[in-house]
Amino acid sequence: MTVKQKFRFKKIADFSNIPISTSLTVSLILTIMIVSTIAVGIYYYHASKKAKTLLKTTADDYIEVLAKTLNEPVWSIDLEAVKNVVSFFETNKRVVLLEIKDSRGAEFFRIDKHNNWPVETRKSEMYRKDTLVGTVKIELTYKYYYDSTRELLGASILTLITVLLSIAMATGQLLRIFLRKPLARITEIINVFARGNYDMSGIRAPCIEFVPFVTVLEKMGAKIQANMDELTSAEEKYRSIYENSIEGIFKSNIDGYLLDANPALARIFGYDSPEEMIRPPKPVSDLYEDPLQRANMLQEINKNQIVKGFDVNAVKKDGSSIWLAIKARGIKNEEGKLTAIEGFVEDITERKAAEKELSGYRDHLEQLVEERTQELKIAMKAADAAAKAKSEFLANMSHEIRTPMNGVITAADLALEETAIDNMRHYIEIIHNSGISLMGIINGILDFSKIEAGQLELETRPFSLKQTINQVMDMFKDRALEKKIDISLEMDSNIPNALIGDALRIQQVLNNLIGNAIKFTRYCGKILVCASLFGHAGEDQSDTPEISEIIELLFFVRDTGVGIKKNQIKKLFKPFSQGDASMTRKYGGSGLGLCISKRLVDMMGGQIWVESGTIGTTFYFTARFEKDSSHIKSRSEVENTTDFFIPRFDEKLKGIKVLLAEDNLVNQEVASAVLRKSGIEVTLADNGKQALRKVIDMKFDIVLMDVQMPEMNGYEATAAIREYEKKADELLPIPIIAMTAHVMKGDREKCIKAGMDDYVTKPIKKTDLFNTLWRILKPKLKSVNMEPPGVENKVIDNKFETAIPVLKGVNVKRALEQLDLDWETFKTILKSFYKTNKDSMSVILSDILNAQTQENLALKIHSLKGSAGNIGAYQLQKSAGKLEKILRKNGRIDADDISASGLEEHFYLVLNSIKPVLLEENKNNHDFEEKNDEQQNPEKFNEALQNIAETLKALDPVQTEAKLKILKQYGQAPWIESLEDAIYDYDYEKAGMILENGRNKMQKTSEVFKTSEVY
């Protein structure tokens, strides 16, 4: 509704000019009219209903009488008798139709009157002694009912009008008599209030209805009077502040003239009174030493509405100069235009003078500081000279100590080269490692001096964390045995194999912490050393060796020895400080180790802290390293180390039941052999659906679940198993460990999110696999006591007693160590690899040519990658990983991608390398046929290849099929089957491509077989 429409409605609804008596009279009349109308309507409705009911009853009575009285005349066909009977109905005004018919339906008598009104109709049959003699029909009109109703309504309305007129006249007269005087009195009271007399305490209301009105006026008057008193007081207060303020207060218009000023402003400018300053009007710009300053102030007010701390030079009445600080705001009209300025003025002349004086002092102080700095530089040179002398002394001393230690270490090296006896070699290794560690401790003395002088730098070299920790643990073996302390190590399998950092500093920190733990742990106690991944950038290691990543590791050393009091913990990491004096006397030590450890951890980007109670203490520290993925050999060296202190998990896990869900036959063979060798019961499932069914039907301790499988992958199978477990409330969730060749960031989180408990990477490493199995199943197997760490857990290694052939492309030794298998078992795995993958390359090439989906290709390449890693074909595994990454990135691959990845050459190198071993193994076994993967007659085979190539170019189907038969007689290759399919499909272009790729592959394989080194 627009404003104009609202105003028009208000005018229509404005009753201010109508007397109250008239309004009340009209309201009463309208009310009576509405009530009367409703009453008449209700009466009219009931009268109509009653008339209708009466008419229906009359019709029923008429038809009943006619049926009884006319049956005899109609039967006897007595027309006169019929007329006598119906004569009453002829004169009856309600009857408009009377129709009599005989039994055959012929009209016997009829009365039909003109009628335009609704009728009530009845019809009945007539019988004489149960014999139908005819029918009678009658219609009654509603006309007379409507006529009588209208007459009644008219009389009612006339009566109503008469009554309303009488009431209106009587009401109007009475209201004029009884309302005029009270209203006049109320008008008089309002006039008194309007004239400013707010005291209503002595005024009475003319009648009881106006008492609330007078009461409200009385309260309003009291409130208005109070507000006026408060306003007067505030005005007086403001005037007092305005008059007595020590700051000048002003108001000026936009034209530049003062409109108001307080006495303080007049005093600041040297005037006797504000009036003298304002009149006669003088331009405000005359008060500024530089009129441009006022223009700048106006510009800032226009922009920001206010100014604060605006310092200006002003001119007093006598012409002298003063400094002023102005705080002002602009006053704008409704259009937003600046019209006036008001604000405060403060005389800051004295402050400016003080600032000038302070500036002089500051300049003088700067000069003194510069002189003192020169003196300090001279003193620092002297201190540096003293520190240098100290460092030289410590360096000379450490050199004198290191010289005999180098002799010890060198002698141990020479003894290790000459000695082959296991026990003696082991002891010499301890001497050698202890010497190295002691050398590190000696260097620590010099390190502390370097740390204090800020001269210590960390090395950044590749090292094996596992080997580094082993050396420290080896040193403490005998000390732990002396006190019968169970010392063990737990390492996170996700820690990279090779790192870049300062291995000596890690050993130095661990040496301090483990040494303290042994020192303060009683006999038959326990010490746990743990290393885990604390922060990780995450990259695919398979095909990006050149990338280095920053990772953060968390270490802790936990013992069951004496605790540390809270008030002593703060002293631990301070130089030459220990828990208390009594502990120093009892346990010895200089108190320097923890201080150096803290400084070293800080330098490695980490933190060190301690948690302790009445019994047991745990030292934690973190450190940052780069992951070294530069070469495979460093990882191999890491994996070849053996820890005497790691419990024999294979013995602990003997007898458990494992479900192995793996579709790749080679991977099945590898995992089954590793597990069954340790006495673990293994049940196989070829895909996720089988795994789900076997979990439901059988009982297992744990499930090893491959991630990529046909029909149902590992994630889907895990979700289905977890859903089944939810429905079976009595079952505890079965542990599920994922097996995957992926090592990308987020893979672990993805497995956990899918419902798995952990994951191990392919190729399978026995140590990692059994560590994970033990960590997951340890709560169930906790009743089994661990072997004491003092017992030598090494067993005689007979894996290499049998001569092992050198296989190009396969690192047999590393694979056997990794899987902890013997050569005879491993040959079975090689056989499975050959049978499963001999056609893999041709299948992959065929899939590329046939534009197979990414999912199918990815599954086949991933399967080849996993099985290659498990047999030690690491170059083939890496090539498959590169191709897999290309497929994930681009969504497709072609023959050029395969060539760039090196997959073909490494694939056939591995196949041709392991075939002689399998031929020797299967001389009398027909399940391995020589013709299935290599030419029987190379010369004839090459000639046949050239012939079929020419017939393909000629597009001759007869000659092509003939040449194909000759080709198959002289030799076979994995891709011949695809060539044959293309020829029989008359796809000679595709056949030519397969033939060309096959010939190139054969040439590359021959060259690689001649030149490749052992991996």
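Is Asp602 buried, exposed or partly exposed? Asp602 is partly exposed, with a relative accessible area of 37%. Keep in mind as you look around that this is a predicted model.

## A pair in helix α17

Asp602 has a partner. Its side chain meets that of Lys598 in a salt bridge, at 3.2 Å from N to O. Both residues sit in helix α17, which covers residues 593-603. They are four residues apart, about one turn of the helix. Lys598 is partly exposed too, with a relative accessible area of 30%.

## Other salt bridges

How many salt bridges are there by this rule? The count comes to 22. One of them joins Lys137 to Glu139, with 3.9 Å between the closest N and O atoms. Here the two ends get separate labels: Lys137 is partly exposed at 24% relative accessibility, whereas Glu139 is buried, with a relative accessible area of 17%.

Salt bridges can also link up into a network. Glu99, Lys101, Glu107, Arg110 and Asp112 are connected in this way.

## A lysine in a loop

Lys484 is in the loop between α13 (477-482) and β11 (486-491). Is this lysine buried or exposed? Lys484 counts as exposed, at 61% relative accessibility.

Leaving aside residues up to four places away in sequence, Lys484 touches Cys524 and Gly525. Take a look at Lys526 as well: Lys484 and Lys526 are 42 residues apart in sequence, and their C-alpha atoms are 8.8 Å apart in space.

## A nonpolar patch

Which residues make the nonpolar surface patch of about 250 Å²? Val26, Leu30 and Met33 do. Met33 belongs to helix α2, which spans residues 20-69. With a relative accessible area of 36%, Met33 is partly exposed.

## Cysteines

How many disulfides does a search of the whole structure find? It turns up zero.

Methods. Residues numbered from 1 in each chain as written. Predicted model: local features only at pLDDT ≥ 70, side-chain atom pairs only at ≥ 80, totals over all residues. Heavy atoms only, no water. Patch = residues over 30% accessible without salt bridge, like charges linked within 9 Å, V, L, I, M, F, W, Y side chains within 5 Å. Areas by Shrake-Rupley, 256 points an atom, 1.4 Å probe, with all protein chains shown as cover. Salt bridge = Lys/Arg side-chain N within 4 Å of Asp/Glu carboxyl O. Helix = DSSP H or I, 4+ residues; strand = E, 2+ residues; numbered from the N terminus. Buried < 20%, exposed > 50% of the residue type's maximum accessible area, 1.4 Å probe, protein only. Disulfide = S-S within 2.5 Å. Contact = heavy atoms within 4.5 Å.
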